[in-house]
Amino acid sequence: MIALEARALSKSFGGLRVSADVSLAVEAGERRLIIGPNGAGKTTLFNLITGELRPDSGSVHLLGRDITSVPSRRRAHLGLARTYQIITLFPRDTLLHNVMLALLGLSPLRWNPVVELASCSALRQRALDALARVGLEGSADQPLAETTYGERRRVEIAMALAQRPAVLLLDEPFAGLSIPERQQVLNLLLAIPRDTTIVMIEHDMDVALEFAERITLLHFGAVIVEGTRRDVVDDPRTREVYLGA
Amino acid sequence: MKPAALALAGVALLTLPYWIGGPYYVNIASQILIWAVFALGLNVLVGYGGLVSLGHAGLFGTAAYAAAWLVAAGAGQLAAATGAIGLTLLMSALFAVLALRATGIGFLMITLALGQILWGIAYRWISLTNGDNGINLSARPMPLGLSLASPAAFYFATLVIFALAVGMMACFVASPFGASLRGTRDQPRRMSALGYDVWLIRFLAVLFSGFWTGIAGLLFCYYDQFVSPHLLTLSSSAEVLLMVISGGSGTLLGPIAGAALVVAMKTIASAYIERWNLVLGAIFVAIIVLMPEGLVPGSRRLWRWALQRRGTPAEGVAR
């Protein structure tokens with residue numbers, strides 16, 4: 001079964017074509033890596049998939065359903081979650097509160113103006129579980145502003161995982177991390193069960209290649225090469241546009 | 001410590017007419033409470049929603065005018081109050097639909113324009129609003145048959161509403177919906193990717209803010225028993241915004257402290273100093289320079305700093 005499919009997605013900003021007829025299909029449970037040089041349109045592709053940008057043409061399908069005209073917020077309810085390349089969290093709040101917000105986003109409780117959020121114990125427990133999955137349960141009550149960059153990357157992932165998405169989009173989850181932190185995040189991603197399909201944008205080939213099964217190479221907004229890990233790495237076009245060899 | 005401070009404040013407020021020294025001061029206390037309710041209402045948007053409105057005097061005035069107009073037209077007090085709040089909610093919804101097309105400076109400009117339109121109606125649509133002459137309210141309402149004619153009785157009635165407002169705000173801020181609203185202030189894009197309907201959350205926040213603004217307008221109409229276009233001027237909108245910001249936006253006590261400061265300056269200091277506006281301006285400048293986060297959070301910060309300095313004198317000497 002195909003979990004996520006993009007069909008001929010195109011998007012231009014003025015005269016700049018950032019997505020040119022991009023088609024890709026990701027099988028359920030697959031780990032897909034999207035690579036490409038800076039400006040290849042990788043993050044734009046994510047924004048088109050999540051609905052933060054509207055495509056000029058083409059369509060997006062999630063679990064067999066056409067979601068092209070579904071607003072971003074509804075896509076989250078349909079099982080799509082993402083992390084951001086530039087960390088987008090709530091700095092004034094604690095780690096626990098950040099993850100609780102992620103859980104609340106999919107819960108009807110978010111409209112409730114009378115109960116106390118801190119006393120919603122089921123929600124709190126699920127948030128603590130999500131933090132435990134990324135090894136941050138000990139810092140749950142620490143304000144986000146007082147955490148390290150690496151910890152914030154893990155909070156991003158915890159928030160996405162807490163939503164139990166069918167499809168998870170990770171935008172450069174290793175960016176800015178030290179080598180031990182990279183290994184830690186990689187182990188964390190490898191431990192995600194197969195009922196979550198993962199599409200990842202990443203520059204760090206060493207770590208990302210270990211994770212991915214299939215790779216899509218984007219260049220100037222278009223899919224240049226797609227195939228298994230070996231196929232793509234060995235393809236001369238990959239070397240030409242990306243590996244720079 | 002905290003329950004003790006709360007109890008102390010409660011006792012002070014409950015006994016205020018007996019120690020403050022005269023009906024003149026009791027009336028000022030009532031005014032402070034009314035403006036505090038207004039500022040708390042605006043703070044929902046400014047502090048928790050990150051949406052700065054410069055048109056809230058329009059909503060305040062809508063409630064006050066509607067109540068006075070309905071009573072003058074022969075409606076009962078309860079019907080007039082209900083109608084006034086209903087109309088204010090409708091007007092808030094209209095504000096929201098038009099102004100929430102933007103955030104930031106765009107939101108501010110649209111609310112400013114809408115506020116000015118309402119002021120224009122109060123001032124110029126003379127057949128409806130009686131223009132500059134305003135509308136008199138023949139008598140204050142008598143809830144449960146109690147007369148609110150005396151300053152002390154009116155003060156206690158206002159205090160009840162004020163306590164309700166504070167209680168509801170405290171509840172709102174700690175609730176999941178309050179957390180949702182604060183989330184849309186800090187990271188609207190992220191909130192929408194997490195599954196939140198950012199527009200609807202903001203819309204409901206405008207209604208909640210408008211509701212308490214309307215309650216404050218109603219109280220002011222009962223207090224003064226007279227409404228005039230002056231209530232809806234841009235300077236009223238700016239004044240209540242200054243209360244929120246100077247006291248500390250996004251805090252529960254800040255808008256109350258801000259209301260107390262501004263009303264006290266306006267009424268008490270103006271009796272002694274002719275150019276009291278100048279003094280108020282100087283105070284605002286001092287607040288911005290010394291505690292840009294506002295009076296309440298700023299004082300907390302200074303207090304903690306002072307405690308730390310006192311707590312570790314040895315370190316200071318050693319250096």
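Colleague: How many residues of chain A are in contact with how many of chain B?

Modeller: 26 residues of chain A contact 20 residues of chain B. Contact means that C-beta atoms, placed from the backbone, lie within 7 Å. This is a predicted model: local features need pLDDT of at least 70, side-chain atom pairs count only at pLDDT 80 or more, and totals for chains, interfaces and linings use all residues. Residues are numbered from 1 along each chain as its sequence is written, while chains are lettered from A and ligands numbered from 1 in the order in which they are written.

Colleague: Which elements of chain A each supply at least two residues to that side?

Modeller: α2 and α3 (95-104) of chain A. Helices (H or I, at least four residues) and strands (E, at least two) are DSSP runs, numbered from the N terminus. α2(A) gives the most, with 4 residues.

Colleague: How do the residues on the chain A side divide?

Modeller: Into 14 nonpolar, 6 polar and 6 charged. Ala, Val, Leu, Ile, Met, Phe, Trp, Tyr, Cys and Pro count as nonpolar, Asp, Glu, Lys and Arg as charged, and the others, Gly among them, as polar.

Colleague: New topic. How is chain A divided into domains?

Modeller: Domain 1 is 1-79 + 168-245, and domain 2 is 88-164. The bounds come from an automatic or database domain assignment. Over C-alpha atoms, 26 Å separate the centres of domain 1 and domain 2 of chain A.

Colleague: What does the contact between them take from each?

Modeller: 11 residues from domain 1 of chain A and 11 residues from domain 2 of chain A. On the domain 1 side, α2 (72-77) and α6 (179-190) of chain A give two or more residues. α6(A) gives the most there, with 3 residues. That side of domain 1 divides into 7 nonpolar, 3 polar and 1 charged.

Colleague: Now the sheet. What is the strand order?

Modeller: β6-β7-β8-β3-β9-β10 in chain A, an open sheet with mixed pairing. Strands pair if DSSP finds at least two bridges between them. β6 (80-82) and β10 (222-228) of chain A are the edge strands, each pairing on one side only. The twist averages 15 degrees from one strand to the next.

Colleague: In which sense do β9 and β10 of chain A pair?

Modeller: Antiparallel, over 6 bridges. One bridge partner in β10(A) is V223(A), for L218(A).

Colleague: Which helix packs on the sheet?

Modeller: α1 (residues 42-50) of chain A, touching β3, β6, β7, β8 and β9 of chain A. Its direction makes about 150 degrees with that of β7(A). Axes are lines fitted to C-alpha atoms, for helices over the stretch in contact, and angles run from 0 to 180 degrees between N-to-C directions.

How values were computed:
Two residues are in contact if their C-beta atoms, placed from the backbone, lie within 7 Å.
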